[in-house]
Amino acid sequence: MMLPDIPMDMILEFLTGLLNTPSPTGDTEQAMAYVEQAVRDLPLSVSRTIKGGLVLTWAGDTTRPRALTAHVDTLGAMVRKIKSSGRLELTPLGSYDWHSIEGEGCTVVTASGQRYRGSILPIKASVHVHGAEVRTLERKQENYEVRLDAVTGSQELTEQLGISVGDFIYLDPRVEMTNGFIRSRHLDDKAGVACIYGALLALHQAGMAPLYRMDALISNYEEVGHGGSVGIPGDVQELVTVDMAAVGEGQNSDEFSVGICAKDSGGPYDLGLRRKLERLAGDYIIPYKVDTYPSYGSDGEAALRAGADLQVALIGPGVDASHAYERTHRDSIEATTRLLVAYLLAE
Ligand SMILES: [Zn+2]
């Protein structure tokens with residue numbers, strides 16, 4: 001059997017729009033609405049979990065229903081304190097190191113929805129002012145702050161702008177595509193969401209359908225560990241989690257293939273389902289890399305830990321410098337999308 005064409009231009013357009021839609025974990029509604037809007041012409045029924053996840057169901061044979069999941073929530077930050085200087089101390093959302101957001105542009109969103117631009121800097125940023133101290137400053141929360149692009153030099157003036165403790169801070173995604181490479185924050189896991197979108201779109205455009213009923217959970221709260229703990233229907237037997245493959249020193253994954261995870265911090269994934277995905281990748285000549293991820297958890301694990309009785313696998317596009325300034329390549333997105341299509345059509 002031939003796999004249908006993968007509409008890469010549409011997938012990358014979808015991905016660009018999604019990357020430019022902020023969705024730090026805990027504030028994901030705009031991105032959920034974006035995904036919901038994008039799939040409106042596909043033969044899916046759409047529902048929501050109470051905590052805000054999106055469930056897309058393609059009706060079909062219910063003897064062996066299957067699920068896919070990817071998460072739309074990303075890293076971000078929140079206002080922890082308004083300092084006497086009028087600048088903001090931040091608390092991180094999700095796990096990353098401070099170095100990865102140094103100098104980044106950001107947007108602070110107030111309770112009334114007003115937005116302020118700013119940037120995240122070490123408290124000793126200027127070499128002209130602090131000399132050698134800028135090189136030795138420890139990377140820790142108290143040593144970073146948001147410099148607002150608003151006239152304020154005191155806590156009171158910042159409060160008068162409407163900014164409060166608990167306001168969300170969006171990190172600029174800085175999306176750029178060059179020579180097939182896609183550079184942006186938050187490719188984890190918006191690239192995965194784009195692969196699921198692409199697989200469903202490819203099937204629909206070819207007049208095909210998944211062999212069994214398919215439920216896709218677009219989750220929120222993955223970055224804090226409980227995204228997939230609800231939302232997978234109880235009769236589903238197999239769950240393919242679509243999340244980034246960890247690329248870097250010592251890793252087998254790359255930016256040009258689909259990563260198939262054998263094991264991460266939560267232990268091994270289901271062996272039978274992994275072998276099936278490896279076999280499908282081989283049969284359809286899809287470039288793939290089996291790998292282990294040393295410091296990694298997924299929504300598949302969240303589902304298992306919440307008590308779901310499922311076979312769970314994890315595949316995804318290779319992402320370099322994950323949870324920092326991330327990069328992948330369109331070949332990796334295409335390989336992941338093709339494997340998803342092959343899986344949904346397979347016995
Ligand atoms: Zn992820």
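Modeller: Let me begin with leucine 203, which counts as buried at 0% relative accessibility. Please keep in mind that this is a predicted model.

Colleague: Why is leucine 203 called buried?

Modeller: The word is used for a relative accessible area under 20%. Leucine 203 has 0%, so it counts as buried. You will find leucine 203 in helix H6, where it touches Pro4, Trp58, Met208, Pro210, Val341, Leu344 and Leu345, leaving out residues up to four places away in sequence.

Colleague: Which helix does H6 cross, and at what angle?

Modeller: The axes of helix H1 (residues 8–19) and helix H6 (residues 187–205) come within 9 Å and cross at roughly 145°. The crossing is right-handed. On the H1 side the residues are Met10, Ile11, Phe14, Leu15, Leu18 and Leu19, and they meet H6 residues including Leu187, Ala191, Ala194 and Tyr197.

Colleague: And what makes H7 roughly perpendicular to H9?

Modeller: Their axes, for residues 271–283 in H7 and 330–345 in H9, come within 10 Å and cross at roughly 110°. Angles of 65 to 115 degrees count as roughly perpendicular, so that is the name for how H7 lies to H9. This crossing is right-handed. Leu273, Lys276, Leu277, Leu280 and Ala281 in H7 meet Leu339, Ala342 and Tyr343 in H9.

Colleague: Are histidine 71 and aspartate 243 buried or exposed?

Modeller: Histidine 71 has a relative accessible area of 1%, so it is buried. Aspartate 243, at 3%, counts as buried too.

Colleague: How do you know that glutamate 223 still counts as buried?

Modeller: Its relative accessibility is 13%, and because the cut-off is under 20%, glutamate 223 counts as buried. It lies in the loop between strand E12 (214–219) and E13. Among the residues it touches are His71, Thr74, Asp188 and His323. Valine 341 is 26 Å from glutamate 223, C-alpha to C-alpha.

Colleague: Where is threonine 74, and what is it in contact with?

Modeller: Threonine 74 lies in the loop between E3 and strand E4 (76–82). Its relative accessible area is 1%, so it is buried. Beyond its neighbours within four places in sequence, threonine 74 is in contact with Ser23, Pro24, Thr25, His186, Asp188, Lys190 and Glu223.

Colleague: Why is aspartate 41 called exposed, and arginine 174 partly exposed?

Modeller: Exposed means over 50% relative accessible area, and partly exposed is the range between buried and exposed. Aspartate 41 has 60%, so it is exposed. Arginine 174 has 38%, so it is partly exposed. Aspartate 41 is in the loop between helix H2 (29–38) and strand E1 (45–48), while arginine 174 is in the loop between strand E9 (168–171) and strand E10 (176–178).

Colleague: What is phi of arginine 174 and of asparagine 179?

Modeller: Phi is near 45° for arginine 174, a positive value in a residue other than glycine. For asparagine 179 phi is near 55°, also positive. Most residues other than glycine have a negative phi. Asparagine 179 counts as exposed, at 70% relative accessibility.

Colleague: Which residues does the cis peptide bond join?

Modeller: It joins aspartate 188 and aspartate 189, with omega about 5°. Aspartate 189 is found in helix H6.

Technical notes:
Residues numbered from 1 in each chain as written. Predicted model: local features only at pLDDT ≥ 70, side-chain atom pairs only at ≥ 80, totals over all residues. Heavy atoms only, no water. Buried < 20%, exposed > 50% of the residue type's maximum accessible area, 1.4 Å probe, protein only. Axes fitted to C-alpha atoms, helices over the stretch in contact; angles between N-to-C directions. Helix = DSSP H or I, 4+ residues; strand = E, 2+ residues; numbered from the N terminus. Parallel < 35°, antiparallel > 145°, perpendicular 65-115°, else oblique. Left-handed = near helix turned anticlockwise from the far one by under 90°. Contact = heavy atoms within 4.5 Å.
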